[in-house]
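Open the model in your viewer and keep the sequence panel beside it. Each stop below says what to select and what is there.

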Amino acid sequence: MVNPLKAEKILNFPNDKSYKARMSLDTIIRIEQAMGMSILKIGQKLASAEITLLEVINILTLAIRSGGSDIKENDVKILVSDMGLLEAIKMTGELVAMALNVDDESSAEKKT
């Protein structure tokens, strides 16, 4: 089960593979340490199309591990290769947005 209040999301990959990802504070700290920059800067890199493939793979790997799966970086590379770079960047963007607690208009309407 996925809990949006705990920043959890199911990531669906090709070949019917799904993993739960979690963007907890601990996960965000690990991502920041691995990438040497703040989560806000990572969001800016995504928005300006300056994020690298290695950074995308690192974020996905750490988020999926935090979700409870013992996945290796090489496994994530294969998943990204199967789904394509643009879809992987989109998925990473969704995780970073969740970490930043960014709400879209539809979820803001639900809260009122």
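**Stop 1: the buried residues of α3**

Select helix α3, residues 53–66. Now colour its buried residues: Glu55, Val56, Ile57, Asn58, Ile59, Leu60, Thr61, Leu62, Ala63 and Ile64. This is a predicted model, so treat every value on the tour as computed from it. Ten of the 14 residues of α3 are buried, so the helix is largely enclosed by the rest of the structure.

What do the buried residues of α3 pack against? Show two strands, β1 (8–13) and β2 (17–22).

Next, check the length of α3. At 1.5 Å a residue, its 14 residues should span 20 Å. The C-alpha atoms at its ends are 20 Å apart, which agrees.

Step just past the end of α3 to Gly68. This glycine takes a positive phi of about 115°.

**Stop 2: Thr61**

Go back into helix α3 and pick Thr61. Thr61 has a relative accessible area of 4%. Buried means under 20%, so Thr61 counts as buried. Show its contacts beyond four places away in sequence: Thr61 touches Ile71, Glu73 and Val76.

**Stop 3: Lys45**

Move to helix α2 and select Lys45. Is Lys45 buried or exposed? It is buried, with a relative accessible area of 14%. Leave out residues up to four places away in sequence, and Lys45 touches Met37, Glu50, Ile51 and Glu55. Glu55 is also one of the buried residues of α3.

**Stop 4: α2 against α5**

Select α2 (residues 39–47) together with α5 (residues 85–99). Two packed helices are described by the angle between their axes and the distance between those axes. Here the axes come within 10 Å and cross at roughly 145°. The crossing of α2 past α5 is left-handed.

Now show the side chains where the two helices meet. On the α2 side, pick Ile39, Ile42, Gly43 and Leu46. On the α5 side, pick Ile89, Thr92, Gly93, Val96 and Ala99. By class, this contact has six nonpolar residues, three polar ones and no charged ones.

Stay on helix α5 and find Ala97. Ala97 is partly exposed, with a relative accessible area of 26%.

**Stop 5: Ser24**

Select the loop between β2 and α1, where Ser24 lies. Ser24 is buried, with a relative accessible area of 15%. Draw another C-alpha line, from Ser24 to Ser66. They are 42 residues apart in sequence and 7.8 Å apart in space.

**Stop 6**

Asp16 is in the loop between β1 and β2. With a relative accessible area of 80%, Asp16 is exposed.

Then jump to the loop between α2 and α3 and select Ala49. Ala49 is not a glycine either, and has a positive phi of about 60°. Ala49 counts as exposed, at 68% relative accessibility.

**Stop 7: the whole chain**

How many helices and strands does it have? The chain has six helices and two strands. Follow it along the sequence and the pattern reads β-β-α-α-α-α-α-α.

Colour by burial next. Of the 112 residues, 37% count as buried. The chain exposes about 6,900 Å², and carbon and sulfur atoms supply 52% of that.

Methods:
Residues numbered from 1 in each chain as written. Predicted model: local features only at pLDDT ≥ 70, side-chain atom pairs only at ≥ 80, totals over all residues. Heavy atoms only, no water. Axes fitted to C-alpha atoms, helices over the stretch in contact; angles between N-to-C directions. Helix = DSSP H or I, 4+ residues; strand = E, 2+ residues; numbered from the N terminus. Left-handed = near helix turned anticlockwise from the far one by under 90°. Contact = heavy atoms within 4.5 Å. Nonpolar A, V, L, I, M, F, W, Y, C, P; charged D, E, K, R; others polar. Expected span 1.5 Å × (residues − 1). Buried < 20%, exposed > 50% of the residue type's maximum accessible area, 1.4 Å probe, protein only. Areas by Shrake-Rupley, 256 points an atom, 1.4 Å probe, with all protein chains shown as cover.
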